[in-house]
Amino acid sequence: MTLFIKNANVLNGQGELQMSHVWVEDGIIKEIYAAETTADEILRQYGKGHEVTEIDGEGKLLAPGLIDMHVHLREPGFEHKETIATGTAAAAKGGYTTIACMPNTKPVTDKAEVVKLILDKAEEANGVKVLPYAAITYNELGRELTDFAELKAAGAIGFTDDGVGVQNAQMMKDAMKLAASLDMPVIAHCEDDSLVVGAAVTDGEFARKHGLKGIPNESEAIHVGRDILLAEATGVHYHVCHVSTEQSIRLIRMAKSIGINVTAEVCPHHLILSDEDIPGMDANWKMNPPLRSPRDVEACIAALEDGTLDMVVTDHAPHSAEEKAKGMELAPFGITGFETAFPLLYTKFVKTGRWSLELLVQRMTADPARVFRLDTGRLEQGAIADLTLIDLNEERIVDPDTFLSKGKNTPFTGWKLQGWPVLTIVDGQIVWSEKSTTTSA
Ligand SMILES: NC(=O)N[C@@H](CC(=O)O)C(=O)O
Ligand SMILES: [Zn+2]
Ligand SMILES: [Zn+2]
């Protein structure tokens, strides 16, 4: 398939938007033309004999396809929450072209056959690239290491027990040693169970007001500190999941400054919401880690800006309406993310002038690609044509009824946002489009 995307705004190397036409052939960006050459001229010259699908960018932003290195697709086992088909559809609608899915499925992704099942289902789905993580321990129980070599051979891209922390330090050290020997990363959900005390929200304003037990910041940071020492000892690439506290950031910044191989991610909700924003006992505001204090939110924003936090991930965690209806204390942790992430961050940080558009795009594309050594996330001649077209001007209200995800669990219902993805391309194929396109011979 040949694609010709005309009149799109592309970020040049200097962070400026430049009106361009992009020619895509055999899944590769063949050429990026400056807008001085008219689209018709290019078509006359190069379009002969090709079947060309023309897309009018109408001045919208054309960016590398977004990359989300932390998502829950729920299949196998929790298909009432999400499936690989509905999750990848939601991802494409959110502008994502590559997503990495967590192993807390049923069965847990702790054997090669589960990795293969996920890859097979992804193959049958819409074309969004699905990279599976495998579990560190069988059933994520923290008792016995999985067969890392076999899981790597089956296609797993890293090891994590996301959903729970690895409680035993020796187990984590053994996991890191083994992963390092296979040149694979360890990705950690940092949570020390002995400090968590069965709470649903952070230990802060909201908990005090409602007489609830709270999850303290150090339950996260204590694992970050422990694991940084273990990463130093083993040399593994250690990646911290969904960082939410100032204390974790301090430790990561220090570790990076002395050359320890640590990277980290942050979620839109931890950049935008604090526990003081929670309107009441509504489980759509419950996620793990919980919304923290305004001070932690500011620390997360500053750390993403200076690169201490490398990338944005959604931690897309769909649950059914029935599950979330159990209320703040009993409902499962997690909120959906794919279909609101870019507009949220664009509206809250770029529109307000705090971030450049370039910074936001980089933290959602080139940076995750760099950290996980993925051959995507670039918009340049010769690169793989994973692309997303985004309307930066149209304002829309977040309405979960319009989500392609089965999960409607979001705290952002009713928010008025700008920066909505309108077309998503993977390997030069349109995988999602708001409008139909025209093909000319
Ligand atoms: N983040 C969440 O609140 N929930 C995740 C688990 C996790 O990411 O730890 C889930 O699987 O629902
Ligand atoms: Zn987690
Ligand atoms: Zn998660």
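The conversation below walks through a predicted model of a protein chain with a ligand.

User: Let's start with the overall layout. Which domains does the protein chain have?

Analyst: This is a predicted model. The domain assignment gives domain 1, made of 2-62 + 383-397 + 415-440, and domain 2, made of 67-371. The C-alpha centres of domain 1 and domain 2 lie 31 Å apart.

User: How many residues of domain 1 and domain 2 are in contact?

Analyst: On the domain 1 side there are 16 residues, in contact with 20 residues of domain 2. Strands β15, β16 and β17 each supply at least two residues of the side of domain 1 that touches domain 2. Of the elements there, β16 gives the most, with seven residues.

User: And what kinds of residues make up that side of domain 1?

Analyst: The side of domain 1 that touches domain 2 divides into nine nonpolar residues, six polar and one charged.

User: Tell me about β16, then. Is the strand mostly covered or mostly open?

Analyst: Strand β16, residues 416-426, is mostly covered, as nine of its eleven residues are buried.

User: Which strands is β16 joined to?

Analyst: Strand β15, residues 387-397, is joined to β16 by eight bridges, and the two run antiparallel. Glu-395 stands opposite Gln-418 in β16. Four bridges join β16 to strand β17, residues 429-433, again in the antiparallel sense. In that pairing, Leu-423 stands opposite Ser-433 in β17.

User: What about the turn in the hairpin of β16 and β17?

Analyst: Two residues lie between the strands of that hairpin, and Asp-427 takes a positive phi near 50 degrees.

User: What holds strands of a sheet together, in general?

Analyst: Strands of a sheet pair through backbone hydrogen bonds, in either the parallel or the antiparallel sense.

User: Is Asp-315 buried or exposed, and why?

Analyst: Asp-315 counts as buried because it has 29 C-beta neighbours inside 10 Å, and the cut-off for buried is 20 or more.

User: Which residues is Asp-315 in contact with?

Analyst: Leaving aside neighbours within four places in sequence, Asp-315 is in contact with His-70, His-242, Cys-267 and Gly-337.

User: Which residues are around ligand 1?

Analyst: Asp-315 is one of the residues around ligand 1, and others include His-72, Asn-104, Asp-162, His-189, Met-287 and Phe-333. The shell around ligand 1 divides into four nonpolar, six polar and two charged residues.

User: Back to β14. Which open sheet contains it?

Analyst: Strand β14 belongs to an open sheet of four strands in the order β9-β12-β13-β14, with parallel pairing. The edge strands are β9 (186-188) and β14, each of which pairs on one side only. Strand β13, residues 262-266, pairs with β14 over two bridges in the parallel sense. Glu-265 stands opposite Met-311 in β14.

User: How covered is β6?

Analyst: Strand β6, residues 66-71, is mostly covered, with six of its six residues buried. Four bridges join β6 to strand β7, residues 96-101, and these two run parallel. The bridge partner of Asp-68 in β7 is Ile-99.

User: Last one: where does UniProt put the "domain: Amidohydrolase" feature?

Analyst: The unreviewed UniProt entry places that feature at residues 298-431. The span is 28% helix and 20% strand, and its end C-alpha atoms lie 36 Å apart.

Terms used
Residues are numbered from 1 along each chain as its sequence is written. Chains are lettered from A and ligands numbered from 1 in the order in which they are written. This is a predicted model: local features need pLDDT of at least 70, side-chain atom pairs count only at pLDDT 80 or more; totals for chains, interfaces and linings use all residues. A residue is buried if 20 or more other C-beta atoms lie within 10 Å of its own, exposed if 12 or fewer, and partly exposed in between; C-beta atoms are placed from the backbone. Two residues are in contact if their C-beta atoms, placed from the backbone, lie within 7 Å. A residue is near a molecule or strand if its C-beta atom, placed from the backbone, lies within 6 Å of it. Ala, Val, Leu, Ile, Met, Phe, Trp, Tyr, Cys and Pro count as nonpolar, Asp, Glu, Lys and Arg as charged, and the others, Gly among them, as polar. Two strands pair if DSSP finds at least two bridges between them. UniProt positions are given in the numbering used here, feature names are shortened, and annotations may be inferred rather than shown by experiment. Domain bounds come from an automatic or database domain assignment.
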